[in-house]
Every structure is written in C-alpha cells, then in structure tokens.
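Please examine the sequence and the model displayed below. The report that follows treats selected residues, the fold of one chain, and the pairing of two chains.

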2 protein chains.
Amino acid sequence: MAAGSTQKPLPSVWARSRSDAEQPALNRESIVREAIAMLDADGIEALSMRKLGARLNAGATSLYRHVATKDELMELAVDAIVAELPIPRGDANWRGAAEEAAHAFRGWLLRHPWTMSVLGQMGLAYLGPNLMAYMAGLAELFADAGFADPAIATDAVLAYVVGMATTETAWLATVARSGEPEADFIARLMPAAREAAAGHRVLAEAYERTRDLAADPATQREEKFANALAVVLDGLALRLPA
Amino acid sequence: MAAGSTQKPLPSVWARSRSDAEQPALNRESIVREAIAMLDADGIEALSMRKLGARLNAGATSLYRHVATKDELMELAVDAIVAELPIPRGDANWRGAAEEAAHAFRGWLLRHPWTMSVLGQMGLAYLGPNLMAYMAGLAELFADAGFADPAIATDAVLAYVVGMATTETAWLATVARSGEPEADFIARLMPAAREAAAGHRVLAEAYERTRDLAADPATQREEKFANALAVVLDGLALRLPA
DNA sequence: CGCTGGATGCGAACGGTGTACGCATGTGAA
DNA sequence: TTCACATGCGTACACCGTTCGCATCCAGCG
C-alpha cells in the first residue's frame, strides 16, 4: 500500500536489504520466545502456526525449517519456561524451603496456565533438562533433611501443587471468559452456587459460615492453597526421626 | 454397493423402513454415550463430530440438532461418567473411607484419561449435579469424622489425586504411543533415564537403590500412589482431636 | 381422509487448522 | 564462477467445528 510496496519479488537493493534489516532472521530461539509470549497472553487456543508466523513476519510454513512439528514446539516452550523456575535449594529449615518451592511452583503454573493443558499429555515424566534439574533439587532438599525415601516427599508435594493449580487455573479461565473482575463474578455466581449446595448439609453449612467470599479473592485462593499445603507438610514431618 | 443401494433418496418402502429400523434415531443420550465410548477407547483427539456422526450412522451436522456445540457435548460426557463414581460414604473409620474414595477417584481418572485434558479448562469448579454430590459426600465424610474445616481436607485429598493422576495418565499415554507393553518400554528407557539422572546425586542414588523398575509396573504405580496418599492422610489425622 | 407446521436429518460450504511438497533465492565454499 | 546447500514461502491437502437452507417425516387437527 505504501510507496515502496513489494508485492512482486522485485529483485533490487530493497530485496537484499531484508537480510540484514531489523528482522534477525528466523531461528529456533525467537520462534520459541514468541510462541511463549502468545501462549502466556492469550492461552493455548490462540497459538497457531500461521498466527505465529505472522507475528514473526514470516510465512507459516517457514517455521518448519526450525521446528519439526507443533508438538515439538510446545515441548521446547515448556522446557524454556521451566528455566525460570528457581531450583529448590536445601536449607537447615527444610519445611520452609519446601513451602517456598511449592509456592514458587504454583505461581509459575498460574503465570503460564497453558502448561496445565500440556501437562495432561506430556506430564512431569518428560525429561527436559531443566525440569530434571528442578525435580532433582527438590529431591535433594528432602534427602538432606533426612527423609529415607525423598521420592515420596516430592511426589506428595508436586502432585498436590499440580492438582490445586489445575482447578485454580480452570477457575481463573472461567472468570476471564466472563470479562468481569473476579469479585464481581463470584458475587453474581453466589445465588446459583448456594442453591446447588442446598440439600448437601456440609456444603450448605460451609456457605453460611463464610462471611464474604468475594472480598480479596486472590488472597483467599492463596490461603486455601497454603492451608492444604500445610496438611501435606505436616504429614511429611511425621516421617522424620524426632 | 449391495443390491439395495440407495445413493439417491428413492422414495420407496425402503426409505420409510428406516424410521422403525434398528437405528433408534438420534438422541442426546445415545450421542453422549457413543462419544464417551470413543473418548475412552482412543483419547480426546480421536473424537470429531464427523467421526461421531459416522459411528451413529448419521451426518456430522445432524448432531447439532441435539447438542449445541462440541464443548457442550464434552460437558455432558463428563457429567455422565461422574455418575459412575461412587459417592463417598461416612464411616466410623474415616481414614479407610477417605483412602477408598481416593483410590476410586484415581481409578476413575485412569479409566477416562481424557477427563484430565478437560479438567485443565473446566476444573472441578464446574458444578454439574453429579460432581456436586461427590464433593458433598467427601466433605460430609470429613465433617462427620470431626474435622473443624472439612473443606481443607477435601482440597488436600482431591488435589493430590488429580495431580498424581495427571502425571500418571500422561505417562500411560506415552507408553501407549510407543506400542510396547509398559515393562518393555521402561526397560528400553532405562539407559537414557539413568544417564539423565547422572549428575543429580539423589536421583542417581534412587536409580541404584531400585532393583527392578520394569517388574509389574502397574502395581508399582499403585504403591507409589498409596505411599504419598498416606502422607496426606497422616497430615489430616494430626488435625483431629486425639 | 387431507393438510400443515414443527421437528429432524443432512449436503454443501466457510473459515480455520497442521503440515508436505517443490520452487525460488541468497550465501558460503571450491 | 559455479555449485551445493540452507532458508523462506506459495500452494495444496486433509481435516476440523459450525452455519445455512433444503428435503423429509410425523403428529395433530380440520
């Protein structure tokens, strides 16, 4: 549309300039970086090879020179963001360190909710080097604390965090889809939820006991997480020689 | 292809016979039932509206007379299979009952692995009547046992089960994709895993300690699950007045 | 009985997806 | 200069979920 439109290849100086122009050429690193940006911003459904290509000023199929398949790209994306997860370090206070690691893991999952969708197919079993280092750090933490079988401890903590984050990200996705702030959405949902809970004694009681579910929901979610995490850590502490 | 081919509508007795023939006409119930069968058998990627239609001797678009959208169909499918999950019942032995409920939940998730992919977007927050009843039953179990805040207990147990099942179904999907029996796949994977674990003290030690990972893997997975579940339940027991 | 209106099935089509293929081009080595 | 190779990409294929309008069937009514 502009003056220098190049609808046809136009073999000229302008065409040559592209090679050393602002675009640093396509490479695996930038592809993965941009894919992560799209995933974080708009979720897993928003990423398509064509859109990703467009974002990189490239055709969709050009990406396949650097990445075998979309699934491989997703694996690379996961492994890349795992790098930002701080590796748990042993500590005289194992419980505090484990607590910290669990909160960090939760925050990481909430920051990259699309990993939850990938986890269901890839699992923690997949052995990218970064993930391996994270799990090793956690296991070491428990081993140093004196646990006879550190694997049980890592299983318990990681499974708890993943499970909790699963329902939490799903909830947040629902909230986001509503377009409202979380508190408003809760307030609007309350009557229906209360009615659904009627007929179930304990659930109904729970609703009556809680005074204001809509106040500061993010903090309440964090407390919920911390509360049940304490249960798991209590159980672990029992396994340690007094 | 056969003698009575009806490529064109052919308004005849044959056309009329379809109405009361073996096909009981399309209805929501049979659509959901067949969708579940396909999901259980071949996973979430194997379900498409066209294939589901073909399985029901119907065109793909006919399904939309009975189901608004594929997402709605998935919700219906989830709620339908939740019905087969036994509602936890209180018991003098709360711990045994909770253990049983957890194992039942795990088995259910493993039997319908595609729910894991759905959970990431729908979560346990979605309030189908059947799921509501299940969660109410579990909460009641803990309330009757004397827990001051039964919600914490259900959070801990459910999150643990979901998290554990996430990695387990992902692992099983990987195994299935390999085409080998689980034991063979493990045996083939061992060298690579051992090498990946080298450099991580605790992980390496863990590999040396375990004698035969490939023997009866299903039982080993079950034990793994039971072991860390015991941690969670121990933690819960602490919260009960002695 | 004949009619008619609503429910139901479905073929065609639209816009999207992941990816295979083959052609064009620019670049570095011989 | 030439040649081989790496890279970008236009086209195309098979599939996806879903919309639309048309054909058909059946129930209820006149």
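## Report on a predicted two-chain model

Lys70(A) is found in helix 4 (residues 70-82) of chain A. Helices (H or I, at least four residues) and strands (E, at least two) are DSSP runs, numbered from the N terminus. This is a predicted model, in which local features need pLDDT of at least 70 and side-chain atom pairs count only at pLDDT 80 or more, while totals for chains, interfaces and linings use all residues. Residues are numbered from 1 along each chain as its sequence is written, and chains are lettered from A and ligands numbered from 1 in the order in which they are written.

Is Lys70(A) buried, partly exposed or exposed? With 15 other C-beta atoms within 10 Å, Lys70(A) is partly exposed. A residue counts as buried if 20 or more other C-beta atoms lie within 10 Å of its own, as exposed if 12 or fewer do, and as partly exposed in between; the C-beta atoms are placed from the backbone. Lys70(A) and Leu47(A) are 23 residues apart along the chain, and their C-alpha atoms are separated by 9.8 Å.

His66(A) lies in the loop between helix 3 (49-55) and helix 4 of chain A. His66(A) is partly exposed, with 15 other C-beta atoms within 10 Å. Not counting residues up to four places away in sequence, His66(A) touches Leu26(A), Asn27(A), Arg28(A) and Ile31(A); two residues are in contact if their C-beta atoms, placed from the backbone, lie within 7 Å. The C-alpha atoms of His66(A) and Asn27(A) are separated by 6.3 Å, although these residues are 39 residues apart along the chain.

**Chain A and its annotated spans**

Chain A has 11 helices and 0 strands. Of its 242 residues, 32% are buried. Among contacts in chain A between residues at least 6 apart in sequence, 66% join residues at least 24 apart.

| Span of chain A | Helix | Strand | Distance between end C-alpha atoms |
|---|---|---|---|
| Residues 25-85 | 57% helix | 0% strand | 29 Å |
| Residues 48-67 | 35% helix | 0% strand | 14 Å |

**Helix 4 of chain B**

In helix 4 of chain B, the buried residues include Leu73(B), Met74(B), Ala77(B) and Val78(B). Seen down the axis of this helix, its buried residues fall within an arc of 140 degrees, so they line one face of the helix. The arc is that of the directions from the helix axis to the C-beta atoms.

**The two chains together**

Chain A can be laid on chain B by a turn of 180 degrees and a shift of 0.0 Å along the axis, with an RMSD of 0.1 Å. That is the relation of a two-fold axis. The copies are superposed by least squares on the C-alpha atoms of residues with pLDDT of at least 70 in both.

The contact takes 50 residues from chain A and 50 residues from chain B. Helix 8 of chain A supplies the largest share of the side of chain A that touches chain B, 19 residues. Because 100% of the interface residues of chain A are also interface residues in chain B, the copies meet through the same surface.
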